[in-house]
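Let's take a friendly walk through this structure together. Have the sequence and the 3D view at hand as we go.

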Amino acid sequence: MGTWTSEIVQQESKSVRDRIRAFREPRGFGVLLIVALCIPAALAIAGLLSDILAGTRYFGSNPVKEGEHFLGRWTLRLLVATLTITPLRHITGWNWLAKHRRTLGLFAFGYVTLHWIAYAFLDVQLDWGELKTDLLKRPYIFLGMTALALLVPLVVTSTKKMIRRLGGKRWNRLHKLVYIVTILGVIHYSMAVKQDLTYPLTYALVLAILYGWRLSRWSRKPAIGPSVA
Amino acid sequence: MLIRRAADIRPSEITSETLYWNRREWIAAAGAIGVAAMSPTSLSALGAARQQGPVARGTPYGLQPNDKPTPWEDVTNYNNFYEFGTGKDDPAQNAQEFTTRPWTVKVDGFVTKPADYQLEDFLKPHKLEDRIYRHRCVEAWSMVIPWRGFSLSEMLKRAEPTSQAKFVEFTTLLDPRRMPGQRSSVLDWPYIEGLRLDEAMHPLTLMVNGVYGRDLPNQNGAPLRLHVPWKYGFKSIKSIVRIRLVEKEPVNTWKVSQSSEYGFYANVNPEVDHPRWSQATERRIGEFLKRKTLMFNGYADQVASMYTGMDLRKNY
């Protein structure tokens with residue numbers, strides 16, 4: 001009796017696992033993903049324009065700050081999402097996810113660009129002296145700008161042609177920069193908040209889990225590690 | 001409307017401050033008798049969309065010609081009041097159930113007449129005034145707010161500070177059941193603030209129990225708060241339960257939490273930056289283009305003499 005039950009359980013769990021593994025990429029997923037990732041940006045732009053020009057309060061009483069932070073948080077979410085692809089592939093077997101990582105990465109860059117535009121144009125209002133002081137004297141701005149700058153080579157080398165030109169190994173090594181960029185992003189976030197570290201620490205925890213997963217894999221299988229990361 | 005009128009006055013045209021205030025009062029009075037829609041066409045789209053809620057009335061104190069009261073909607077929904085959460089809109093949401101009666105205010109320390117007052121008794125001797133003040137947050141945003149209250153000095157005189165009293169220490173209610181933000185250790189509860197005795201006795205220092213002619217909403221620090229218009233907002237402590245006259249400089253909560261960024265004096269000063277941002281400019285809530293921050297938030301004529309000889313860079 002006991003054996004019989006456990007067999008069923010095993011069979012069932014196996015079939016659930018198989019069913020997950022057998023899940024293929026839904027048709028049009030790539031397009032859907034792109035459309036979905038445009039929505040927050042579209043809302044941010046429309047909301048900010050309306051708040052600034054028409055005096056609405058979609059982003060509350062201080063729309064510039066709120067909108068700026070909104071875009072920053074989406075940047076972090078997308079960076080974390082790019083780092084989730086590999087663990088997710090390994091757990092679910094959905095290798096088709098891999099090709100969407102580029103979409104996530106490029107959108108992360110898009111959001112950080114909007115974040116920077118909101119900061120420089122709407123918040124600091126192109127006060128050059130202030131931008132310079134921010135960059136040189138305020139470490140959290142410096143870290144944020146560094147993270148943004150480090151994303152540029154990744155964007156430039158994101159095309160198939162560039163992957164071929166660099167060669168898989170070198171390209172992989174270069175794109176490891178995203179680990180540093182994301183850490184810088186989370187530090188930038190935690191230094192920017194006034195007092196309540198709940199959200200930055202949540203990001204830090206998620207990063208710790210993602211990086212921990214990789215470390216444990218690399219230490220077990222040093223040969224494969226780098227190529228799947 | 002009040003606002004457009006004020007903006008029409010060029011600084012050079014203001015020959016006497018009294019005349020200017022008279023004009024403002026006249027306009028406020030006009031508003032009060034319902035001539036509010038006199039020149040709707042002169043309102044900008046932004047102004048129109050934001051002109052909601054009650055009309056601001058009161059005597060303007062230290063307002064600049066282009067200052068206009070911040071709409072009720074913003075004054076009551078954009079708040080730093082960590083006792084009800086750290087988000088700007090948290091207090092408006094989380095303070096709804098907060099009960100402010102009965103409320104006791106303890107006045108003690110170096111006074112000849114210490115007492116525990118019921119709020120009603122605490123307020124009774126005072127004539128309430130509507131005063132429109134500028135408010136500047138340390139986070140580089142600002143508002144113009146029509147408070148209702150009375151000078152703290154009147155209340156302090158009644159308590160009769162002794163010669164040992166050098167500072168006034170204020171304490172916010174400590175009750176994590178009623179103030180959910182206090183269940184987190186984001187600040188060292190209860191919130192404490194302090195003023196030097198001369199600052200506390202300054203006629204501008206206001207004990208506030210109302211805004212826009214109404215009782216103070218919970219999220220704005222009901223039932224009793226302070227407003228010190230020439231200092232950063234965090235000095236203006238909310239939901240006060242204790243006023244203690246002391247000999248030594250009180251240790252205020254934000255200074256405890258981050259002394260490199262928040263000091264005891266916290267006078268508005270465009271020349272002394274916060275370590276993480278400039279204090280030279282500010283964003284007036286409801287406006288897009290930034291404004292220059294004024295020394296002592298525009299109250300220099302009234303208060304600067306209290307700080308002569310002091311290094312304001314050190315005593316930030």
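How many residues line the second largest pocket, and which of them lie nearest its centre? Keep in mind as you look that this is a predicted model. The lining is made up of 24 residues, and those nearest the centre are A:R101, A:R102, A:G105, A:W171 and A:H175. The space in the second largest pocket comes to about 580 Å³.

At least two residues each come from α3 (63–92), α4 (101–123), α6 (139–156), α7 (160–166), α8 (168–175) and α9 (177–192). Of the contributors, α4(A) gives the most, with five residues. If you sort the lining by class, you find 13 nonpolar residues, five polar ones and six charged ones.

Helix α2 of chain A, residues 29–54, has an axis that comes within 10 Å of the axis of α3(A), and the two cross at roughly 170 degrees. An angle over 145 degrees counts as roughly antiparallel, so that is how α2(A) and α3(A) lie to each other. On the α2(A) side, the residues in contact are A:L37, A:P40, A:A44, A:L48, A:D51 and A:I52. They meet A:P63, A:V64, A:G67, A:F70, A:L71, A:W74 and A:L78 of α3(A). By class, this contact has 11 nonpolar residues, one polar and one charged.

Next come the charged pairs. Over all chains, the count comes to 30 salt bridges. One to look for joins the side chains of A:E25 and A:K99, with 2.7 Å from N to O. A:E25 sits in the loop between α1 (2–22) and α2 of chain A, while A:K99 sits in the loop between α3 and α4 of chain A, so this pair ties together parts that are 74 residues apart in sequence.

The whole structure holds five cavities of 30 Å³ or more. The largest cavity has about 340 Å³ of space, and 26 residues line it. Closest to its centre are B:N80, B:F81, B:G233, B:F234 and B:K238. Strand β5 of chain B, residues 141–151, provides the largest share of this lining, four residues. By class, the lining of the largest cavity divides into 15 nonpolar, seven polar and four charged residues.

Terms used: Residues are numbered from 1 along each chain as its sequence is written. Chains are lettered from A and ligands numbered from 1 in the order in which they are written. This is a predicted model: local features need pLDDT of at least 70, side-chain atom pairs count only at pLDDT 80 or more; totals for chains, interfaces and linings use all residues. Side-chain values use heavy atoms; hydrogens and water are left out. On a 1 Å grid over the protein atoms alone, a cavity is a set of points where a 1.4 Å probe fits but cannot get out, and a pocket is an open set with protein on both sides within 12 Å along at least five of seven lines; lining residues have an atom within 4 Å of a point. Grid points are joined across faces, edges and corners, and a volume is the space filled by probe spheres set on the points. Ala, Val, Leu, Ile, Met, Phe, Trp, Tyr, Cys and Pro count as nonpolar, Asp, Glu, Lys and Arg as charged, and the others, Gly among them, as polar. Axes are lines fitted to C-alpha atoms, for helices over the stretch in contact, and angles run from 0 to 180 degrees between N-to-C directions. Angles under 35 degrees count as roughly parallel, over 145 as roughly antiparallel, 65 to 115 as roughly perpendicular and the rest as oblique. Contact means heavy atoms within 4.5 Å. A salt bridge is a side-chain nitrogen of Lys or Arg within 4 Å of a carboxyl oxygen of Asp or Glu.
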